[in-house]
Amino acid sequence: MTALADTSPPLAARIISEALAPGVVAVLLPILAGLPSGWRGLGWALLAVVFTAALPLAIILTGVRLYGLSSHHIDRREQRAIPLSLSVLAVAVGWGLLTRLNAPMTVRAAVAVLGAVGAVVTAANLLWKLSAHAATITAAAAALVGLYGPPGTIAALAVAAVCWARVRVGAHDLAQIAAGVVVGLVTGAAVWAAIG
């Protein structure tokens, strides 16, 4: 019994992996980006969440239920291409709709950050498994620094927590985490600077 307890990931790491998974970040980032525009911004953010989180989650859960995906985290790299590509397409459609309807620029920029990091993670995972969790939370943190300035740096704590958790649950090694952080930082900062 003791040996089993020693090999199972700590509860905190499992909770953080779920609480700050890419799908959760895809809900939080548009909402935080909509806040500066008040209630109107929150309304736009909720529309954005349909495309950044609800549709991608539906795609992935359908894959788990009907097509044998390993889990909602899609832990097996070779299973990631189709569901992640469809998820990126959903985000792109959402960004196009929000742009057409003249949603607040901050909400559109948040959606663009999520779509861009998703596209880079999808492309990278064709060849090598990098951490989508680390990339997504880092891209969101970069966007929050762009949006809120120095107070946004508090998001670095979430990045550190996610990186620790993904290693502790055995989902990634340090190289995969580091690659995710680099991809997220470069993509998030570049897209936010270009659009936000």
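Predicted model: local features only at pLDDT ≥ 70, side-chain atom pairs only at ≥ 80, totals over all residues.
**Overall dimensions and burial**

- Taken along the principal axes, the C-alpha atoms of the protein fill a box of roughly 55 × 40 × 30 Å.
- Of the 196 residues in the protein, 44% are buried.

**The largest pocket**

- The volume of the largest pocket is about 620 Å³, and among the 30 residues that line this pocket, Pro 22, Gly 23, Pro 56, Ile 60 and Leu 84 are the closest to its centre.
- At least two lining residues are supplied by each of the helices α3 (22–34), α4 (38–67), α5 (81–100), α6 (105–124) and α7 (132–148), while the largest share of the lining, six residues, comes from α6.
- Sorted by class, the lining of the largest pocket consists of 16 nonpolar, 11 polar and three charged residues.

**Helix α7**

- Helix α7, which spans residues 132–148 and supplies at least two residues of the lining of the largest pocket, is mostly covered, with 14 of its 17 residues buried.
- At 1.5 Å a residue, the 17 residues of α7 should span 24 Å, and this agrees with the computed separation of its end C-alpha atoms, which are 24 Å apart.
- At the start of α7, a side-chain oxygen of Ser 131 comes to within 3.4 Å of the backbone nitrogen of His 133.
- Following α7 is Gly 149, whose phi is positive, near 70°.

**Trp 192**

- Trp 192 lies in helix α9, which covers residues 174–195.
- The relative accessible area of Trp 192 is 7%, and because buried means under 20%, Trp 192 counts as buried.
- Trp 192 and Ala 139 are separated by 53 residues in sequence, and their C-alpha atoms are 9.2 Å apart in space.

Note on methods:
Residues numbered from 1 in each chain as written. Heavy atoms only, no water. 1 Å grid on protein atoms, 1.4 Å probe; cavity = no way out; pocket = protein on both sides within 12 Å on 5 of 7 lines; lining within 4 Å. Points joined across faces, edges and corners; volume = space filled by probe spheres on them. Helix = DSSP H or I, 4+ residues; strand = E, 2+ residues; numbered from the N terminus. Nonpolar A, V, L, I, M, F, W, Y, C, P; charged D, E, K, R; others polar. Expected span 1.5 Å × (residues − 1). Buried < 20%, exposed > 50% of the residue type's maximum accessible area, 1.4 Å probe, protein only. Polar contact = N/O pair within 3.5 Å; in protein donor to acceptor, adjacent residues only side chain to side chain.
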